[in-house]
Amino acid sequence: MSERFIEKKEGYKVAVVGATGAVGQTMLEILAERKFPIAELILVASSRSAGSVVAYKGKDYVVQDLETFDPKGVDIALFSAGGDTSKTHAPRFAEAGCYVVDNSSAWRMDEAIALVVPEVNPEALEMARENKIIANPNCSTIQMVVALKPLHDAVPIERVVVSTYQAVSGAGGKAMDELAKQTAQLLNAQSVDVNVFPARIAFNVIPHIDVFMDDGYTKEERKMMDETCKIMGSDIALTATAVRVPVFYGHSESINITFDGPMNAEKARELLANFDGVCVVDDPACEDYPMATEAAGTDPVWVGRIRDDHSCPNSLHLWVVADNVRKGAALNAVQIAEILIR
Ligand code: A2P
């Protein structure tokens, strides 16, 4: 057994940075649900919400201002406060001796930083002993690699073509407010306000998440391609189309996979059903398949519509759904923290 990351204690000093946000709030819920041993909890956000009160397990906590917060003595900080905030403050926490699990994209592709999905590459955490920062992957990447892992271990994957159907919660609390408000405006025959998304999201589908790059892909699509190779430790050819849909919680993905050797739907169904963190729901006769409405609020990565791709040998289709705020962000971060104290 490898050496512990953090010395054993009854309870740990834990900071949640971005505690007032959509992911931060879910981190708190999951820490409570999973009975994470906390001796002292510190809730941190921007100066905008510093001084406000947030409840955890029935107790009120005053939110502290990140700019002035001293991280000395904190064992683990879960960050979900945006990339710029992480770039500035994660090193400050790490230098104070605290492990930072960062949900932003700031550190993910840094060669010295571990990018971890516990079911897929927990061994990568070893890299964090030196620099103490661990990156949580992109939400769409996390649920995809959990589904790819057992298949890739059985027969190496050659190529993946993925299209996403991503919920608005992935863009934060203001994005959820925008979908709710636009829906009400349209149902009341009013004109809509567009602030967060590049176009109206209510009753629409937007093939644009994050900024466009020179090659015509968006940064969200690029993240899925680059992060998958880093996490799986293999040069899988992957192309992605990332799409925002008017759903509050739960990302769905249509994934087409080509393998380097014999693979079929029956074998894939068995491999997926036996893999930790995956639940297979795949019964076309009963019209049973995973959907965002059912995945929301749950922990597993749900996989269904598993079928052979008749257009190409050794190829499969999967439909993969997960709660993007839980497994795609907060839960994955807490699972990493659980390894740090194991
Ligand atoms: P605040 O509420 O003070 O703005 P979401 O992803 O739901 O929009 O939430 C973003 C989270 O990140 C919030 O908790 C927000 O705090 C926090 N945040 C945003 N910018 C900063 C910053 N510069 N410093 C600290 N926390 C920040």
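## The ligand and its pocket

In this predicted model, a backbone N or O atom of glycine 21 lies 3.0 Å from an oxygen atom of the ligand, which counts as a polar contact (a pair of N or O atoms within 3.5 Å). Local features here need pLDDT of at least 70, side-chain atom pairs count only at pLDDT 80 or more, and totals for chains, interfaces and linings use all residues. Residues are numbered from 1 along each chain as its sequence is written, and side-chain values use heavy atoms, with hydrogens and water left out.

**Around the ligand**
- There are 15 residues around the ligand, and Thr20, Ala22, Ser46, Arg48 and Ser49 come nearest; "around" takes a heavy atom within 4 Å.
- The side chain of threonine 20 has an N or O atom 2.5 Å from an oxygen atom of the ligand.
- Serine 46 also puts a side-chain N or O atom 2.5 Å from a ligand oxygen atom.
- On its own the ligand exposes 580 Å², and the protein buries 72% of that (Shrake-Rupley method, 1.4 Å probe).

**The largest pocket**
- The largest pocket has a volume of about 1500 Å³, that is, the space filled by probe spheres set on its grid points.
- A pocket is an open set of points on a 1 Å grid where a 1.4 Å probe fits, with protein on both sides within 12 Å along at least five of seven lines; lining residues have an atom within 4 Å of a point.
- Of the 50 lining residues, Ala81, Gly82, Gly170, Ala171 and Gly172 are closest to the pocket's centre.
- Helix H2 gives the largest share of the lining, five residues.

Conventions
Polar contact = N/O pair within 3.5 Å; in protein donor to acceptor, adjacent residues only side chain to side chain. Helix = DSSP H or I, 4+ residues; strand = E, 2+ residues; numbered from the N terminus.
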